[in-house]
Amino acid sequence: MSYDVLVVGGASAGLTAAMYASRQGLKTLVITKDIGGQALLTNAIENYPPFEHIGGFELMQKFEQQARNFGAEFAYEEVLSITEHKDGGGGFIVKTNNNDKQYSGYTLILAFGKTPRDLNVKGEKELSGRGVSYCAVCDGPFFKNKKVAIVGAGDPALEAALYLKELASQLYIIHRTDKPVGSEESIDLLQNKDNSNKISFISNSIVEAINGNSKVESLTLYDSKTKYESKLDVDGIFIEMGYVARTDIVKDLVKLNGSKEIIIDKYCSTSSKGIFAAGDVTDVPYKQAIISAGQGAVAALSAYNYLQRLKGKPAIRADWKSVVNKK
């Protein structure tokens, strides 16, 4: 089946793009492994108008529903490759992990954000989803009253710890430095004497392996000061090592910067005709949900105008018309 717009990514940028494209009457498909992206990593968003306080999961659900209301379709699949049509008719082919299923589209909006950085240790891939997690808000409830560890540094690791301390029976925060790094307020809350029996900071330590058969059972730690290895019994590990733009699947289609982010102009156009990009995967410096959503709107309107010009029809500058929801 062929679409006017293929949106790769299901977070604030991709879902907004899908909503705006669908409102313009474009047949739109969102291809994504899941809904929410990095917004799922927080249960308290306080800087997205008009919500004074909303959970990331709840906000992304609203995005998704609004896109669906205007007719956007969804395929919950992982993208394996993106290529141009070779028949000279233009457009793109997206192949996914669903039995090598293919989707065809006249335009493409790349909005897949950034993905968690792997720890790259023995046992990580084998036990992913079986005690190894990259999202505390998503998977934290599965570890209620269990022993868990967080490995990482900075505010993302501390925020995950603040959330997990309400669920886990024992929480270990593993970091490579002498002292934890990040918000002093968060560190003080975690080191509060009321948490002394429940929360342990393990300094100068590196996770060398994640051990277990069918699920996580322990971690092998290396202390960079004492030079000794030790075992830490846990039921799960949350990896908070930051995020990276995994754009290898489009490196031959669009220009990237030194950080492998997609280079765009003010219309969210890339270096290739018919391909637009929005959100954290682009070279725009500020990575915020509201900025990603704004870019998603720009990308969708630019895709619409691109198709209008191909048909010899006039472009638009706004999206102010009233549209009846298709739900």
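Predicted model: local features only at pLDDT ≥ 70, side-chain atom pairs only at ≥ 80, totals over all residues.

Trainee: Fine. How close do the axes of α1 and α2 come, and at what angle do they cross?

Mentor: Helix α1 covers residues 12-23 and helix α2 covers residues 56-69. Their axes come within 8 Å and cross at roughly 20°.

Trainee: So what do we call that arrangement of α1 and α2?

Mentor: Roughly parallel, because angles under 35 degrees count as such.

Trainee: And is the crossing of α1 and α2 left-handed or right-handed?

Mentor: Left-handed.

Trainee: Which residues meet there, between α1 and α2?

Mentor: From α1, Ser-12, Leu-15, Thr-16, Ala-18, Met-19 and Ser-22. From α2, Met-60, Phe-63, Glu-64, Gln-66 and Ala-67. Think about helix geometry here. An α-helix has 3.6 residues a turn, so residues three or four places apart point the same way.

Trainee: Now α1 and α6. How do their axes cross?

Mentor: Helix α6 spans residues 289-310. The axes of α1 and α6 come within 7 Å, at roughly 35°. The crossing of α1 and α6 is right-handed.

Trainee: What does α1 use to meet α6?

Mentor: Ser-12, Ala-13, Thr-16, Ala-17, Tyr-20 and Ala-21. On the α6 side they meet Ala-289, Ser-292, Ala-293, Gly-296, Ala-297, Ala-300 and Leu-301. Look back at the α2 contacts too: Ser-12 and Thr-16 of α1 are listed there, and again here with α6.

Trainee: Let's switch to Tyr-48. Where is Tyr-48 found?

Mentor: In the loop between β2 (28-31) and α2.

Trainee: Buried or exposed, that Tyr-48?

Mentor: Buried. The relative accessible area of Tyr-48 is 12%, and the cut-off for buried is under 20%.

Trainee: What does Tyr-48 touch?

Mentor: Leaving out residues up to four places away in sequence, Tyr-48 touches Leu-59, Phe-63, Ala-289, Ile-290 and Ala-293. Phe-63 also meets α1, as part of α2. Ala-289 and Ala-293 meet α1 as well, from α6.

Trainee: How far is Tyr-48 from Pro-285?

Mentor: In sequence, 237 residues. In space, 18 Å from C-alpha to C-alpha.

Trainee: Next, α4. Which of its residues are buried?

Mentor: Helix α4 runs over residues 154-164. The buried ones are Gly-154, Ala-157, Leu-158, Ala-160, Ala-161, Tyr-163 and Leu-164.

Trainee: Which side chain of opposite charge is nearest to Glu-240?

Mentor: Arg-117, and it is 11 Å away. A salt bridge needs the nitrogen and the oxygen within 4 Å.

Trainee: Then what does Glu-240 touch?

Mentor: Tyr-134, Ile-150, Val-151, Gly-152, Ala-153, Pro-156, Ala-157 and Ala-160, not counting residues up to four places away in sequence. Ala-157 and Ala-160 are among the buried residues of α4.

Trainee: On to the pairs that do form. How many salt bridges does the structure hold?

Mentor: It holds 7. One of them joins the side chains of Glu-73 and Lys-27, at 2.9 Å, N to O. Glu-73 lies in strand β3 (residues 73-75) and Lys-27 in the loop between α1 and β2, so the pair ties together parts 46 residues apart in sequence.

Trainee: How exposed are Lys-225 and Asp-178?

Mentor: Lys-225 is exposed, at 58% relative accessible area. Asp-178 is partly exposed, at 47%.

Definitions and conventions
Residues numbered from 1 in each chain as written. Heavy atoms only, no water. Buried < 20%, exposed > 50% of the residue type's maximum accessible area, 1.4 Å probe, protein only. Lys, Arg positive; Asp, Glu negative; His and termini not counted. Contact = heavy atoms within 4.5 Å. Axes fitted to C-alpha atoms, helices over the stretch in contact; angles between N-to-C directions. Helix = DSSP H or I, 4+ residues; strand = E, 2+ residues; numbered from the N terminus. Parallel < 35°, antiparallel > 145°, perpendicular 65-115°, else oblique. Left-handed = near helix turned anticlockwise from the far one by under 90°.
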